[in-house]
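Subject: Structure handover

Hello,

Here is the structure I promised to pass on to you. Please have a look, and then read on for what turned up.

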Amino acid sequence: LSDPDITEEEYFEIISAKTGVLIAAACRIGCILSGLPEEKEKALSRFGMKTGIAFQLADDILDYVAEQKDLGKRLGKDLAEGKITMPLIYLLRNTSQPEQDEIKEIIKGQGAGLSRILELFSKYNAIEESLKAANALVEDAKSELSVFPGSREKESLFAMAEYAMQREK
């Protein structure tokens with residue numbers, strides 16, 4: 001994740017393999033243990049994958065916007081470690097060439113640092129655009145549950161997906 005030329009597709013592959021598969025497996029196991037049909041098992045697995053990706057995406061966004069005392073880690077820790085996450089990918093895709101060069105220098109540990117990145121995030125709405133992507137994933141995840149009738153359990157799964165976007169730390 002420390003390559004400033006990482007694509008959005010590569011980023012999503014990485015977070016799918018990191019958090020997406022974990023949540024997908026947890027959802028799928030419930031189906032397997034309860035003996036539900038394969039169609040529902042696959043739907044819950046897709047729900048879990050999308051929810052897990054949204055959760056990781058939201059976590060990556062929080063690295064730049066949460067209150068440090070609430071986050072439980074140093075604000076901008078991902079940037080300090082050279083990790084390229086969706087807000088930076090969006091920023092690199094939408095800035096001018098001189099700004100891209102500046103961002104890459106910051107990622108390498110040189111340049112103005114976190115305050116400059118936050119300034120550019122604001123200028124290019126990178127956080128808002130990243131949040132839109134995460135919210136769209138949550139809605140897409142919830143739509144995967146259309147094969148299930150309305151129930152308390154389904155509502156609980158909806159709440160789990162929505163939690164990814166509501167947490168502050």
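At what angle do the axes of helix α5 (residues 86–94) and helix α8 (residues 126–143) cross, and within what distance do they come? They cross at roughly 120° and come within 9 Å. That makes α5 oblique to α8, where angles under 35 degrees count as roughly parallel, over 145 as roughly antiparallel, 65 to 115 as roughly perpendicular and the rest as oblique. Axes here are lines fitted to C-alpha atoms, for helices over the stretch in contact, with angles running from 0 to 180 degrees between N-to-C directions. Helices are DSSP runs (H or I, at least four residues), numbered from the N terminus.

Before going further, a word on the basis: this is a predicted model, in which local features need pLDDT of at least 70 and side-chain atom pairs count only at pLDDT 80 or more, while totals for chains, interfaces and linings use all residues. Residues are numbered from 1 along each chain as its sequence is written, and side-chain values use heavy atoms, with hydrogens and water left out.

On the α5 side, M86, P87, Y90 and L91 make the contact, and on the α8 side A126, I127, E129 and S130 do; contact means heavy atoms within 4.5 Å. By class, six of these residues are nonpolar, one is polar and one is charged (Ala, Val, Leu, Ile, Met, Phe, Trp, Tyr, Cys and Pro count as nonpolar, Asp, Glu, Lys and Arg as charged, and the others, Gly among them, as polar).

In one, the ring centres of Y11 and F12 lie 5.4 Å apart with planes at 65°, so the pair is edge-to-face. Rings of Phe, Tyr and Trp (its six-membered ring) pair if their centres lie within 6.5 Å, and planes under 30 degrees apart count as stacked, over 60 as edge-to-face and the rest as tilted. Y11 is buried at 0% relative accessibility, and F12 is buried at 18% (buried means under 20% relative accessible area, exposed over 50%, partly exposed in between, with a 1.4 Å probe and protein chains only).

The rings of Y64 and F121 are also edge-to-face, with centres 4.8 Å apart and planes at 85°. This pair links distant parts of the chain, with Y64 in helix α2 (residues 38–65) and F121 in helix α7 (residues 114–124), 57 residues apart.

Best wishes

Terms used. Helix = DSSP H or I, 4+ residues; strand = E, 2+ residues; numbered from the N terminus.
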